[in-house]
Amino acid sequence: MRTMGIDFGDARIGLAVSDLTGTLVGEAWTMEEWNMERAAMRIAEEAKKREVGTLVLGLPKNMDGSEGPRAEKSRQFRELLIRESGLPVILWDERRSSIEAHAILHAAGKREKIHRRTVDAVAASLILEGYLGKK
């Protein structure tokens, strides 16, 4: 069964899906959506279409491990995802995922302007990769 990684943002959401064995990160893309409820519905549809069995949602934490307002927003989004998809939603520490995503894109020679369009998909891949490596 596939697993989906989610990098939740206010305007753009990064999504990544594993292979069928749940071992490797496969497809990654971004979704633009400002409304949390619509975002949860759209992700539930994508999960169903791709035969996803588990969602892994990035939980933003401060470098000292404490949680701020973004973490609370992710927890609220988790509840919407559970309601819309009926799937288990695991919160995953996403510290440094966006920083690492920017570094990966920079190392690949991508211009900064392009980063904004793809960084969330790369961050979702990193969240998913971290989860798959620990399970």
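Buried, in these notes, means under 20% relative accessible area, exposed means over 50%, and partly exposed is in between (1.4 Å probe, protein chains only).

**Ground rules.** I am working with a predicted model, so I noted the limits: local features need pLDDT of at least 70, side-chain atom pairs count only at pLDDT 80 or more, and totals for chains, interfaces and linings use all residues. Residues are numbered from 1 along each chain as its sequence is written, and side-chain values use heavy atoms, with hydrogens and water left out.

**Entry 1: salt bridges.** I searched for salt bridges (a side-chain nitrogen of Lys or Arg within 4 Å of a carboxyl oxygen of Asp or Glu). The whole structure holds eleven.

I looked up E33 and found R42 as a partner, with 3.2 Å between the closest N and O atoms. How accessible is E33? Its relative accessibility is 8%, so E33 is buried. R42 comes out at 33%, and therefore counts as partly exposed.

**Entry 2: around E46.** K49 pairs with E46, the closest N and O atoms lying 3.6 Å apart. Both sit in helix α1 (residues 36-49), three residues apart, about one turn of the helix.

Are K49 and E46 buried or exposed? K49 is exposed, because its relative accessibility is 59%. E46 has a relative accessible area of 18%, so E46 is buried.

I then followed E46 to R50, where the side chains form a salt bridge at 2.0 Å, N to O. Both E46 and R50 are buried. Through shared partners, salt bridges link E27, E46, K49 and R50 into one network.

**Entry 3: the nonpolar cores.** Next I turned to nonpolar cores (sets of buried Ala, Val, Leu, Ile, Met, Phe, Trp, Tyr and Cys residues joined through side-chain atoms within 4.5 Å). The largest has 21 residues, and those touching the most other members are M4, I6, L15, I43, L55, F77 and L81. At least two residues come from each of β1 (2-7), β2 (12-18), β3 (25-32), α1, β4 (52-59) and α2 (69-85). α1 gives the largest share, five residues.

Which residues does I43 contact, leaving aside neighbours within four places in sequence? With contact taken as heavy atoms within 4.5 Å, I43 reaches M4, I6, I13, L15, M31, F77 and L81. A second, separate core has seven residues, among them A16, V56, A124 and Y131.

Definitions and conventions
Helices (H or I, at least four residues) and strands (E, at least two) are DSSP runs, numbered from the N terminus.
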